Number of protein chains: 2
Amino acid sequence: MQRGNKRMGGQTVKLDNPPKIIAAHSIVGPKEGEGPLSKYFDEILDDDTLGKKSFEKAESQMMFTAISQALKKANLKEADIDYLFSGDLLNQIISSSFAAREFSIPFFGLYGACSTMSESLSLASIIMDGGFANHVVATTSSHFSSAERQFRFPLEYGSQRAQTAQWTVTGSGAVVLGHEGNFPEVTYVTTGIVKDYGQKDANNMGAAMAPAAADTIVSHFKDTGRKPEDYDIIATGDLGVIGKALTDKLIQEFGYDISKQHIDCGEIIFDNENQNTQSGGSGCGCSAVVFTGYLYKRLMKKEIKKILLVSTGALMSTTSSLQGETIPGIAHAVAIEMN
Amino acid sequence: MQRGNKRMGGQTVKLDNPPKIIAAHSIVGPKEGEGPLSKYFDEILDDDTLGKKSFEKAESQMMFTAISQALKKANLKEADIDYLFSGDLLNQIISSSFAAREFSIPFFGLYGACSTMSESLSLASIIMDGGFANHVVATTSSHFSSAERQFRFPLEYGSQRAQTAQWTVTGSGAVVLGHEGNFPEVTYVTTGIVKDYGQKDANNMGAAMAPAAADTIVSHFKDTGRKPEDYDIIATGDLGVIGKALTDKLIQEFGYDISKQHIDCGEIIFDNENQNTQSGGSGCGCSAVVFTGYLYKRLMKKEIKKILLVSTGALMSTTSSLQGETIPGIAHAVAIEMN
């Protein structure tokens with residue numbers, strides 16, 4: 001085989017044996033279930049503790065459920081799955097590790113903050129395309145209450161939220177990749193470079209992630225020769241209202257106008273005005289459930305045929321913020337197409 | 001291409017276009033530099049703060065240095081590198097993200113606790129072998145002081161350490177993979193499954209990781225048909241003295257005796273008796289510097305020709321431990337061979 005022959009140059013690889021997303025499952029909390037995308041989610045929880053004694057255990061259980069249900073839909077058993085790719089926001093990705101513990105599947109743990117859905121999908125697709133696997137699961141999760149406790153304040157404090165703040169989505173999405181059948185295919189993977197424009201405000205992560213989102217999307221166009229109008233939807237992860245507008249503006253400077261195709265998973269998951277979610281949703285689970293719920297179902301119905309999923313992550317920790325560090329961002333893009 | 005044709009069955013893939021480890025760099029703290037492997041390390045720090053204001057910033061700087069020096073040795077620039085795979089122990093892997101921020105290289109963030117060196121090497125090798133890249137960097141780091149503060153107690157408490165406890169290695173190792181030249185090759189990748197035998201003692205992580213190490217090593221033998229004597233060295237990550245003995249015992253139950261080939265990076269990096277390191281070294285950096293320092297140099301000199309590197313990770317967090325969870329373990333194996 002020719003070396004590096006699948007590279008388009010830049011940050012993009014083309015998948016010659018594009019893996020198919022043969023099943024997807026989305027599970028969300030009660031608040032997400034009351035939002036505008038309600039009818040698209042496979043499972044809406046009445047109780048976001050799932051009967052567990054902690055929110056961390058609840059989050060892990062949610063991911064376990066998403067994986068289990070996705071396998072069921074694909075009519076596969078865990079023994080049929082060659083790899084599980086997963087990550088989440090919690091310290092040492094315990095939601096993922098404790099969910100993975102329940103499956104006898106070779107496991108690669110990831111951390112990409114809220115970019116994890118497209119990170120896991122990127123690596124899962126690459127490993128499938130390269131002939132290393134027949135079936136792979138990619139997943140991620142987040143939980144409002146475990147994230148608030150870890151990154152901000154315990155809920156009991158009742159802290160007031162900034163207008164630019166985002167609301168961590170309670171949810172998990174899982175996909176199963178395979179080679180057969182008429183399903184949406186992953187055709188290109190554009191991997192993000194860490195970008196840091198010196199933003200320090202942890203209550204305005206959309207602004208921190210916008211340069212990374214813009215960079216990855218522009219690179220995708222340059223590497224592939226594609227244009228915004230080649231896609232029905234370009235869905236960024238969780239830039240929120242403010243980050244989304246900023247991203248469009250940054251991309252315009254490179255001569256591309258994505259405003260017609262651009263939706264942001266963080267912006268559309270809640271009715272931000274009536275649900276008191278400020279600038280929109282965030283968290284690994286945000287793009288995960290918007291993709292596995294809303295976008296996947298529309299692809300399957302052929303209402304849309306070509307999308308670019310660009311989950312975005314803010315790569316900070318409470319320690320880095322307390323030490324005065326700025327917030328680096330990253331965004332990974334995967335092109336998904338239905339024939 | 002035939003689907004999944006590179007799978008050996010089980011947890012292993014065979015690399016038909018084995019990537020070569022064309023450069024490696026190891027950087028360690030003063031204590032590691034006083035240990036038995038001293039002469040093998042490329043760089044020994046006088047000051048483990050590297051002149052930075054926090055141990056977290058120091059750790060990130062250490063990784064930055066390891067990557068920079070590995071690139072220099074490979075005579076490559078960052079623009080020549082297609083992907084960077086990295087992870088570390090700190091919450092939200094800030095050592096990796098902040099090191100990655102300094103390079104314009106597509107970045108995949110990983111979390112595998114102390115298994116991260118072989119996790120990053122596994123994914124880097126797979127992406128090379130599949131034709132997706134010409135050069136890839138895989139790296140990880142750990143720092144005694146940042147890890148103590150995060151996982152145990154601030155150093156100022158002067159807490160007494162348990163006899164089974166391990167000492168987090170201050171160090172970072174980075175490798176550059178390429179396709180050309182006479183260098184050690186990555187030939188097989190055996191990916192770990194999360195194993196949890198109900199161990200709860202965070203001061204005895206070797207015991208928590210032993211079942212995972214045993215499972216991955218036995219799977220590697222079963223999948224490939226290889227035997228312990230096919231390797232000059234089987235190097236586990238950081239099981240320490242106690243975990244290593246336990247692993248040998250577990251593997252014997254499957255009919256394999258690895259005691260002649262088995263070394264443990266955690267056991268050999270310190271003179272445990274005289275350096276007061278109890279059961280040995282640990283941390284992502286442990287197997288990273290033992291591999292990039294000691295093992296890589298011996299491979300290059302052809303003193304050894306075939307090794308199996310099996311970094312091992314304990315997938316817990318302080319939150320999971322406080323919530324009464326047991327400690328799941330994982331181990332990833334890569335076969336590395338010099339012609």
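Which residue forms a salt bridge with Glu337(A)? The points below answer this and go on to other contacts.

1. This is a predicted model: local features need pLDDT of at least 70, side-chain atom pairs count only at pLDDT 80 or more, and totals for chains, interfaces and linings use all residues. Side-chain values use heavy atoms, without hydrogens and water, residues are numbered from 1 along each chain as its sequence is written, and chains are lettered from A in the order in which they are written.

2. Arg226(A) is the partner of Glu337(A), with the closest N and O atoms 2.8 Å apart. A salt bridge here is a side-chain nitrogen of Lys or Arg within 4 Å of a carboxyl oxygen of Asp or Glu. Both Glu337(A) and Arg226(A) are buried (under 20% relative accessible area; exposed is over 50%, partly exposed in between; 1.4 Å probe, protein chains only).

3. Glu56(A) and Arg149(A) also form a salt bridge, at 2.6 Å from N to O. Glu56(A) sits in helix H2 and Arg149(A) in helix H5 of chain A, 93 residues apart. Helices are DSSP runs of H or I, at least four residues, numbered from the N terminus. Glu56(A) is buried at 7%; Arg149(A) is partly exposed at 42%.

4. Over all chains there are 30 salt bridges. One network links Lys57(A), Arg101(A), Glu102(A), Asp196(B) and Glu325(B).

5. In chain B, Glu102(B) pairs with Arg101(B) in a salt bridge at 3.6 Å. Glu102(B) is partly exposed at 44%, and Arg101(B) is partly exposed at 21%.

6. H4(B) has 14 of its 14 residues buried. Just after H4(B), Gly131(B) takes a positive phi of about 85°.

Key:
Helices (H or I, at least four residues) and strands (E, at least two) are DSSP runs, numbered from the N terminus.
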